[in-house]
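Reader: Hi! Could you walk me through this model in plain words? I'd like to know what to look at and which cut-offs sit behind the terms.

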Amino acid sequence: MTTKKKFNGKQFLVNYAIYLILLALIIVITVISPKFLSLSVFKDILMQSSVRIVVAMGCMFIIISGSADLSGGRMVGLSSLIAASLAQQATAGLKFWPGLPELPAFVPVLASMVVGVCFGIFNGLVVSKLRVPAFLATLGSQMMIFGFSSLYFNKAPNNSQPLGSLTSGFKALGGGSIAGVPIIVMIAVVVMIIVWILLTKTCLGKEIFAVGGNLEAARVSGINVFKIQMITYSIAGACYGLAGALEAARTASATSAYGQSYELDAIASCIVGGCSVAGGVGTVGGVFAGVIIFNVISYGLTFIGISPYWQNVVKGLIIIGAVALDVRKYSSKK
Amino acid sequence: MKKALSLLVAFAMALSLVACGGSDSSAAGGSSAAASGSGEATATAGVCWYNFGDTFIANARNTLNEAAAADGTIKVVDADSLNDVATQTSNINNFYTQGVDYLVLNNINNNAIAEIIEQAKEEGVTLIFANTNSPTDEEFAMYDKVYHVSSVAEQSGTIIGEALAKYWNEHPEADRNGNGKLDYIMLLGIQGHYDTEVRSANSLKALEDAGIETECVQETICNYQRAEAQNQVASILQARKDDIDAVIACNDDMALGAIEALKAAGFFGEGEYIPVVGVDATANGVEAIKEGTMLCTALNNPVTLGNSVYKLMTVLEKGEEPTQENIGIDGTTVEGHHIYINYVGITADNTEDAAY
C-alpha cells in the first residue's frame with residue numbers, strides 16, 4: 001500500500017512537473033518582489049503570451065502528428081508584414097500601398113491567415129508528396145518565406161522602412177479590451193478552445209494522434225495520411241498567419257525581422273508542455289502552460305531586474321529538464 | 001543505429017543547406033548590378049553590406065546603386081553579409097575573385113581590420129570602410145589606399161542626451177519621484193555592438209556634462225527590436241512605474257516599443273508625459289515626434305552615406321585625393337582619408353529635416 005502511494009507521488013511529480021516549476025518560479029519572483037502578484041502583471045503576461053500561444057497551438061498540431069515545422073517564425077514575420085501593410089491609415093505618411101483605402105480590421109487578419117494557409121499547404125505537399133523530411137522541407141520553406149518577406153518589405157515605396165500608422169480598429173485587436181479583458185487574450189482563448197475541440201472531440205483529432213503515434217499502423221487502419229498531413233500543416237499555417245496579424249496589432253508596427261526564432265520558442269513550449277518529440281502525445285493545457293512558463297521567466301526576471309542573459313540560461317535548463325522528464329515518462333510506461 | 005546515422009546525415013545536409021543559402025544570396029546580390037549609365041564603366045566596386053534587411057542599410061544601398069546607375073563611371077555590385085562574419089568573409093573573397101577595383105566594406109568583423117587591410121593590399125584593391133568602426137592610425141599606415149566613410153556614432157548619443165538635458169532643465173515636474181536625479185531606463189541594442197555602446201555612453205555623458213545627476217533604473221537588452229522593448233518596458237513599468245523619469249533607447253524601433261508600453265500603462269495623451277529618445281529618425285519615429293510622444297531622435301542620413309561613398313570612388317578614379325571641395329556634399333566633414341557624416345538632431349521643431 002505504502003509503496004503504491006509513493007509510486008503515485010513520483011508519477012504525480014513527473015506528470016505535473018511543468019505546473020510545479022511554474023508555481024515555484026512565481027513564488028520565487030514574488031518573494032523577491034511582492035508586487036509581482038497583481039492583476040495587472042497577470043494581464044501583461046497573458047497579453048505578451050497571446051501571440052506565442054497562437055503560434056504554439058499551430059505548432060502543436062504538427063508535433064502531435066509526428067512531424068516538424070521550422071518555418072513558423074518566418075511565417076509569423078511575413079504575415080505581420082502583410083497584415084500591417086493592409087491595415088494602414090488612409091493618411092499614413094509612408095503608405096505601403098499608396099491609394100489603398102482604410103480597410104476594416106478583419107481584412108488584414110484574413111489576408112495574413114490565407115497567406116499562412118498557402119504556405120502551410122506548400123509545406124504539406126513538399127513533406128507528403130515530394131517526401132522531403134519535414135525538418136529539411138520546413139527549413140527550406142523558412143528561408144524562402146524570409147526571402148519573400150524581405151522582398152515584400154523592400155518593395156518601393158516602402159524600401160525596408162518599418163511599417164506604421166495602423167488603423168485604430170486594427171490596433172485594438174492587440175491593445176484594446178472589452179470589459180477589462182484584452183481582446184488579444186480573448187482571441188488566444190478562442191483559438192485554444194477551437195484547437196481543444198478539434199483534437200479531443202472530432203475524428204480528425206483522433207486521426208492526427210493516430211498518425212503521430214504510429215504512422216504505419218494508422219496507414220494500415222485506413223487513415224488517409226496525406227490528408228492528415230495537409231490538414232495539420234494548413235491549420236498550423238492559419239495559426240501562424242493569425243499570430244502574425246496579432247503581433248503587428250500588438251506592437252502597432254511590422255518589419256521583416258518580426259517572428260524570428262518564434263518557431264523554436266513554440267517547439268520548446270510544446271515539448272516543455274508535455275508534447276512528445278516522437279509524436280502522438282500532447283494537450284492544449286500543457287502547451288498553454290509551456291508558453292506561460294517562458295513568458296513568466298522573461299517577464300519576471302526583467303521585473304526583478306536580472307540580466308536577459310540569465311533568462312536564456314534558465315530557459316535552456318527548463319527545456320533540458322522537460323525533455324529528460326519526457327523520456328522518463330514514456331520509458332516507464334513501456 | 002541506422003536511424004541515428006540518417007539523422008546525422010540529415011543534419012549535415014541541413015547545415016550545408018544553410019551554408020549554400022548564404023553563398024546563394026551573395027550571388028543573387030551580385031546580380032543587382034547597376035551599370036549602363038551615360039558611358040562605359042571604367043571600374044567595378046564590390047559592396048558588402050552587413051544586412052540588406054536593415055532599414056538604414058536598405059536606404060544607403062538604394063542611394064549608392066542609384067548614384068552608380070545615374071553616373072555610370074563605376075559599376076556597383078553588392079552582397080549581403082546577413083549579419084554574419086563568415087558570410088562577409090566569403091563575399092569579400094568572391095569580390096576579389098571577380099577582380100573588383102574598389103571594395104566597400106560595411107564591416108562587422110571588427111577584430112580583423114588589420115587582416116582585411118593586409119588582404120586588400122595583396123590584391124591591390126582600394127578599400128573603403130563604410131558606416132563602421134574606423135581603422136586605427138597604425139592600420140591606416142599599413143596601406144595607402146584605405147578610406148573610411150562613416151557617421152560619428154558618438155554624435156548620436158550626445159544629441160539625444162542633450163535633448164533630454166534640455167527637457168529636464170525646462171520641466172521641473174520631470175523629476176517624478178522628486179529625488180533630484182534623472183532616473184532612466186536604458187534600452188540597449190545588441191551587447192557589445194559599437195553603436196549601442198557609444199550611444200548609451202555618450203547620451204549619459206551629455207547629461208553628466210549638463211550637470212544632471214542620473215540614476216539607472218534598469219538597463220536591458222532588446223536587440224533593436226520593437227516587440228522585445230515593448231515586453232520588457234511593460235515589465236519594468238509594473239515593477240517601478242513611479243521611479244522612471246525617462247527612457248533612452250539606442251534606436252527608434254526600441255523607443256517606439258517603449259512608447260507602446262508606456263501608453264498601455266496610462267502615459268501620454270491624457271496621462272503623464274515621459275520623455276523617450278531614440279536614434280535613426282525612421283518614418284515611424286518622426287511620426288511619433290509629430291504626435292508628441294517621442295522627444296528626440298538623431299538622424300544618420302543614409303542618402304548622404306550612399307552618395308558620399310560613390311562620390312569618393314569617382315574622386316579616386318580621377319586620381320585625386322578627397323577634400324572638402326571635391327567631395328562637396330552637405331553634412332559631411334572630410335579629414336584626410338576620413339569622410340565623417342554628421343548626425344542631425346530631430347525634434348518637434350525640425351521634423352521636416354528628417355525627410356531625405
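**Helices and chain A**

Author: Happy to! Helix α10 (residues 225–251) of chain A has 27 residues, which at 1.5 Å a residue should span 39 Å, and its end C-alpha atoms are 39 Å apart, which agrees. The expected span is 1.5 Å times one less than the number of residues. Helices (H or I, at least four residues) and strands (E, at least two) are DSSP runs, numbered from the N terminus.

Reader: Before we go on, what kind of model is this, and how are things numbered?

Author: It is a predicted model, where local features need pLDDT of at least 70, side-chain atom pairs count only at pLDDT 80 or more, and totals for chains, interfaces and linings use all residues. Residues are numbered from 1 along each chain as its sequence is written, while chains are lettered from A and ligands numbered from 1 in the order in which they are written.

Reader: Thanks! Back to α10(A): how many of its residues are buried?

Author: 23 of the 27 are buried, so this helix is mostly covered. Buried means that 20 or more other C-beta atoms lie within 10 Å of the residue's own; exposed means 12 or fewer, and partly exposed is in between, with C-beta atoms placed from the backbone.

Reader: And what follows α10(A)?

Author: A:A252, whose phi is positive, near 60 degrees.

Reader: How many helices and strands does chain A have?

Author: Chain A comes to 13 helices and two strands. Its C-alpha atoms fill a box of roughly 75 × 55 × 35 Å along the principal axes. Buried residues make up 50% of its 334 residues.

Reader: Nice. Now chain B, what's its make-up?

Author: Chain B has 12 helices and 13 strands. Of its 356 residues, 51% count as buried. It is divided into domain 1 (24–151 + 301–342) and domain 2 (154–299), with bounds from an automatic or database domain assignment.

Reader: How far apart are those domains' centres, and how many residues of each are in contact?

Author: The C-alpha centres of domain 1 and domain 2 of chain B lie 33 Å apart. Six residues of domain 1 are in contact with five residues of domain 2; two residues are in contact if their C-beta atoms, placed from the backbone, lie within 7 Å. The side of domain 1 that touches domain 2 has one nonpolar, five polar and no charged residues. Here Ala, Val, Leu, Ile, Met, Phe, Trp, Tyr, Cys and Pro count as nonpolar, Asp, Glu, Lys and Arg as charged, and the others, Gly among them, as polar.

Reader: Is B:L105 buried or exposed?

Author: B:L105 counts as buried because it has 26 C-beta neighbours inside 10 Å. B:L105 lies in strand β3 (residues 102–105) of chain B. Not counting residues up to four places away in sequence, B:L105 touches B:C48, B:I116, B:L127, B:I128, B:F129 and B:A130.

Reader: And how do the two chains meet?

Author: 34 residues of chain B are in contact with 34 residues of chain A. α8(B) gives the most to chain B's side, with 10 residues. By class, that side has 14 nonpolar, 16 polar and four charged residues.

Reader: Last one: how many residues are in the largest nonpolar core?

Author: It has 154 residues, and those with the most contacts inside it include A:V54, A:V55, B:L187 and B:A249. Helix α2 (residues 39–64) of chain A gives the largest share, 15 residues. A nonpolar core is a set of buried Ala, Val, Leu, Ile, Met, Phe, Trp, Tyr and Cys residues joined through C-beta atoms within 7 Å. A second, separate core of 45 residues includes B:V47, B:I57, B:Y310 and B:L312.
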